[in-house]
Structures are given as C-alpha cells and as structure tokens.
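Dear colleague,

I am passing a structure on to you, and below it you will find my notes on what was found. Please read them with the structure open beside you.

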Amino acid sequence: MFLIGGFMDQASTLRKIKNGAMKGVKVISVTSGKGGVGKTNVVANLAIALAKMGKKVLILDADMGLGNLDVLLGIAPMYNMNHVIRGEKTLKEIMVGGPYGIKILPASSGVQELTALTASQRMNLFMEVDKLEHEIDVMLIDTAAGISSDVLFFNIAAQEIIVVVSPEPTSMTDAYAIMKVLHTKHGENRFRLLVNSAKGVKESAEVYRKISLVAERFLNISIDYLGYIPYDENVQKAVREQRAIIDIYPDSKASKCFVELAKRVEEITTPSELKGNVQFFWQRLTEVMMGAR
Ligand SMILES: Nc1ncnc2c1ncn2[C@@H]1O[C@H](COP(=O)(O)OP(=O)(O)OP(=O)(O)O)[C@@H](O)[C@H]1O
Ligand SMILES: [Mg+2]
C-alpha cells in the first residue's frame, strides 16, 4: 500500500528501515560538502557498474546546478517532477533511459514544489512511486553540494548516505561540516566515506583516518570507509565525450575501482520482496520539506 505511514508510526518505521529490519529497494544518497568533488561521476559510474551486475538502477537527479547528470550521460530529459506534481505526466513518463538500462528521474526541477503539495498531490505522487517499486533494486540520488536545506532533505530521507570527499583540505572540512549538521540537527549517525581523486590506497586511507578521528572525537559517530576512486585522466576524457568512464574505458584504474565500489554497495544493498522503502523515501522527503516551510 502506498501510505504505509498512515498505518504505522512513522518514526519507528524509519528506524526499522534504517536498521535493515524492512528490506526492499535500497535508497542511497551521494553527497559532499564541497562542490566538484566527483558526486555526479560517482553516481553515473556506480549506477552502470551495478547495472552490469544485473541490478535495476534508478538515478534521482536532485542537483539543480548546471552541467550535471544529463550532460554527463548525454541524455536530454524533456519533463521533470513538476509535470508529475501537476498530474500532467506519470513518473514513468518523465523517466529517461540511460546506458545499460539505468533510468534517470530528473527531479532537479520541481523539488521546491514538493514543499507546497496539497494532500491529493501528495497522494498522487505516492501512488506513482508505488508503481515504480518493483522495477528497481537501487535508487541512487545525485545531490547538489553544500548544506542547503534541499540537500539535507534528500540525505535525511535516504537510507544510506555516501559522502564523497577528495584529499583537498577544503573538501575534507566541508565533508565533516555536512556530516556534522546531518548528525547534530537531524540525528543521522551512519555515513559511508568515499575518497575520490586520491593518488592511491595510502592517501585515501589517510583522508579517511583524519575525518573519522575528528568525527569520533567531536561528534561521537563512526564513519564507514567505502573505499576510493583514484585520480584518473580518463575520467575527464569520458566527461568530455559525455559518457561514463566505466562505459568507454572499462579497463582504466578508476573503472576498476568503480566495480569494486559496486560490489561493496551491493553488500549493503539487501533487496527483498518487502515493499516500503521507495514510497517511504518520498513520504519522508515531502514531510521534512513541508515541515521546514
Ligand atoms: N577520479 C577522478 N579523476 C579525475 N578527475 C575527476 C575524478 N572525479 C571527478 N573528476 C573531475 O571533476 C569534475 C567534477 O566532477 P563531478 O561533476 O562529478 O563533481 P560533482 O561533485 O558532481 O560537482 P557538483 O558539486 O558541481 O555537482 C569532473 O568533470 C571530472 O573532470
Ligand atoms: Mg554533480
């Protein structure tokens, strides 16, 4: 049923989902404090790596900035969430097909409107989401950078948060800053750190060590290390060709790490027949957004 929260205590449902008691579609946000650290590349390549492993992947493009996922994957969405909210299009109709059968939901436009939904618009949205549920195993959310409220909302509503960080000191302090606000203001205490553009294992381990030390000491939270993606010029070449690196340079260093990343993500992805998570994501998202109005 689409309104699970109507029947259950929503806080306890959220806890159950987060603790893995309810399994279904895994909803993972990919975020960072600082901009330009590689979120969109991570989302696109991780999505393709998962798709190659046989997973059904949906990307939610939640970044309002320019030059993002659609450009990277060479796709041109015609509609967005606004059309769904207004009841003009179904979610399926606004979805765009990407490489390897991945689907992209262009949510960047229309996100603000989620804060002003009427009861019937919300219901319509949840019913639409309900139809999607059995068609996906993983939903990856490409967020914008920074700690604006929209970014926070997507992270709060997701089950898993991947924080992308590069070895630059500003990226590290900003990664800490977003985890701090998500923890202190919104009670999030599970983060997975992915180091991007690292020279190698050693440097990425050092980045993780520094951030996790500070997080443990000042926030009293532990952060999981999800691995690293090396700096690889083929990433930039791929970007220029509007393709994902894993797609055109599958044997490159970075591509191999994306495959490893996908395996690790799959380990934390536990799909089953039980429903609830994607609907719950949207329900939670609209609630937190409306609550912050
Ligand atoms: N592992 C890498 N090796 C080399 N270059 C990289 C790597 N990852 C990302 N880049 C470069 O950094 C640029 C920015 O990456 P991307 O657009 O994915 O960042 P972002 O975090 O999504 O940015 P924004 O915050 O603006 O959304 C890419 O165009 C690419 O050129
Ligand atoms: Mg981006």
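**Around the ligand**

The shell around ligand 1 is made up of seven nonpolar, 11 polar and three charged residues, where Ala, Val, Leu, Ile, Met, Phe, Trp, Tyr, Cys and Pro count as nonpolar, Asp, Glu, Lys and Arg as charged, and the others, Gly among them, as polar. Please keep in mind that this is a predicted model, in which local features need pLDDT of at least 70 and side-chain atom pairs count only at pLDDT 80 or more, while totals for chains, interfaces and linings use all residues. Residues are numbered from 1 along each chain as its sequence is written, and chains are lettered from A and ligands numbered from 1 in the order in which they are written.

In total 21 residues surround ligand 1, and the closest are Gly35, Gly38, Lys39, Thr40 and Asn41; a residue is near the ligand if its C-beta atom, placed from the backbone, lies within 6 Å of it. At least two residues of this shell come from each of α3 (39-52), β7 (191-198) and α11 (233-240), the helices (H or I, at least four residues) and strands (E, at least two) being DSSP runs numbered from the N terminus.

After α3 comes Gly54, which has a positive phi near 95°, and Lys55 lies in the loop between α3 and β2 (57-62). Is Lys55 buried or exposed? Lys55 counts as buried because it has 21 C-beta neighbours inside 10 Å.

**The sheet**

Eight strands form an open sheet with mixed pairing, in the order β3-β4-β2-β5-β1-β6-β7-β8, where two strands pair if DSSP finds at least two bridges between them. Since β3 (96-97) and β8 (223-230) stand at the edges with a single partner strand each, one side of each is left without a neighbour in the sheet. Strands β1 (residues 26-31) and β5 (residues 138-143) pair in the parallel sense over five bridges, and Lys26 has Val138 in β5 as its bridge partner.

Methods. A residue is buried if 20 or more other C-beta atoms lie within 10 Å of its own, exposed if 12 or fewer, and partly exposed in between; C-beta atoms are placed from the backbone.
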